[in-house]
Amino acid sequence: MLLTSGSTSSVRQRSRVIVSVASMILICFLADQTSALQGYYGTKIGDLSELHHGVSGSVYAVDARTLFLKNFNYDGEGPAAYFYVGNTRAPSNKGAHRLRDERGRAGVLRRYRNEDITLSLPEGKTLRDIRWFSVWCDDFSVNFGDVQIRNDLDFPRPTKIAGLSGVHDVSSDNIVIVDAQTLLVPNFSYDGEAPDAKFWVGRGPAPTSQGIRIPDENGKETPLRRYDKKTIVLTLPGDLTVFDIGHFGVWCEAFTVDFGHVRIPDQINVPPSLKMLGISPQRSRSP
């Protein structure tokens with residue numbers, strides 16, 4: 001079905017009012033899930049053993065190379081404490097890898113009080129290569145607290161789903177769900193000839209007028225322009241995540257027409273977004 005720009009303003013205005021009301025209903029529904037969203041930090045590895053110097057906290061796998069420490073504590077009184085990972089049976093600095101802190105620094109650990117931090121594994125290493133994470137004192141060869149990492153840990157990772165295909169030349173290669181709030185749409189095309197096309201998500205398997213518009217790759221919610229095999233990155237607004245929606249596609253608000261969509265799987269193990277972690281990523285520094 002091809003649409004032209006000859007639609008009346010009253011039809012467009014009426015459809016926008018309907019969509020606006022429906023969107024408010026859906027947003028209110030999703031707001032009830034805010035506490036659950038705030039509690040998603042990836043796959044929980046376990047809690048740190050509380051051995052010395054007040055070390056405590058929970059450790060999560062954000063993705064293959066990133067750890068998230070929730071409510072991390074350490075009194076800062078150890079003479080030479082560092083974050084370490086290794087693949088030996090028990091924590092040690094022998095043959096292990098020292099991690100930089102959340103700021104990318106290589107120095108002795110400071111004091112932490114119920115802090116949330118991210119740590120990156122060394123280049124070339126993933127969670128498949130390590131068996132434990134520890135706060136370790138080099139001077140006295142003492143483990144202040146550690147957590148064991150299972151060999152079968154199912155850590156989050158980007159997930160590839162189907163590509164778009166529909167009317168008005170809407171198409172793309174397979175879409176990648178990068179994290180819980182980010183979609184990568186490779187080689188996206190759309191002829192740009194419909195009056196009110198938007199990127200669209202919602203609950204259920206297919207688009208309806210009760211969905212939510214998604215800003216384009218430039219953060220705008222204006223009608224989509226023409227695209228010719230352009231790779232774009234889209235971010236879900238607010239606290240909305242892929243766990244809340246059942247589809248993604250291109251939808252014409254003025255005429256309530258589906259131009260093409262893909263299903264979002266019910267069970268996906270993708271990383272949390274940086275916004276969900278509530279912190280900035282660790283900055284890498286040269287040794």
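How many disulfides does the structure hold? In this predicted model, the number of disulfides is zero.

Tyr 60 has Phe 68 in β3 as its bridge partner. Strand β3 also contains Thr 66, which is buried because its relative accessible area is 16%, under the 20% limit. Apart from neighbours within four places in sequence, the residues in contact with Thr 66 are Tyr 60, Ala 61, Thr 118 and Leu 119.

Aromatic side chains were examined next. The model contains 15 aromatic pairs. One of them is formed by Tyr 41 and Phe 68, whose rings are stacked, with a centre-to-centre distance of 5.1 Å and an angle of 25° between the planes. This pair links distant parts of the chain, the two residues being 27 residues apart: Tyr 41 belongs to the loop between α2 (34-38) and β1 (43-47), whereas Phe 68 belongs to strand β3 (residues 66-74). Tyr 41 counts as buried because its relative accessibility is 11%, and Phe 68 is buried at 0%. Phe 68 also forms an aromatic pair with Tyr 60, here in a tilted arrangement, with 6.3 Å between the centres and 50° between the planes. Tyr 60 and Phe 68 are both buried.

A cluster of rings is made up of Phe 72, Phe 83, Tyr 112 and Phe 133, linked through ring pairs. Tyr 112 additionally has the charged end of Arg 110 over its ring, at 4.0 Å from the ring centre. A further arrangement of this kind involves Arg 98, which lies over the face of Tyr 82 at 3.6 Å from the ring centre.

Strands β15 (residues 247-252) and β16 (residues 257-263) pair in the antiparallel sense through six bridges. Val 250 has Gly 260 in β16 as its bridge partner. Four residues lie between the strands of this hairpin, in which Thr 256 adopts a positive phi near 45°. Thr 256 is not a glycine and is found in the loop between β15 and β16. Its relative accessible area of 41% places Thr 256 in the partly exposed class. Most residues other than glycine have a negative phi. A positive phi, of about 60°, also occurs at Asp 169, again not a glycine. Asp 169 is located in the loop between β9 (159-160) and β10 (176-179), and its relative accessibility of 53% means that Asp 169 counts as exposed.

The loop between β9 and β10 also contains Leu 164. In contrast to Asp 169, which is exposed, Leu 164 counts as buried because its relative accessibility is 3%. The C-alpha atom of Leu 164 is separated by 5.7 Å from that of His 261, although the two residues are 97 residues apart along the chain. When neighbours within four places in sequence are left aside, the contacts of Leu 164 include Val 170, Ser 171, Ser 172, Asp 173 and Ile 175, together with Phe 188. Also in contact with Leu 164 are Phe 248, Gly 249, Gly 260, His 261 and Val 262. Among these contacts, Gly 260 is the residue named above as the bridge partner of Val 250.

Note on methods: Residues numbered from 1 in each chain as written. Predicted model: local features only at pLDDT ≥ 70, side-chain atom pairs only at ≥ 80, totals over all residues. Heavy atoms only, no water. Pairing = 2+ DSSP bridges. Phe/Tyr/Trp six-rings, centres within 6.5 Å; stacked < 30°, edge-to-face > 60°. Buried < 20%, exposed > 50% of the residue type's maximum accessible area, 1.4 Å probe, protein only. Lys NZ or Arg CZ within 6 Å of the ring centre and 35° of its normal. Disulfide = S-S within 2.5 Å. Contact = heavy atoms within 4.5 Å.
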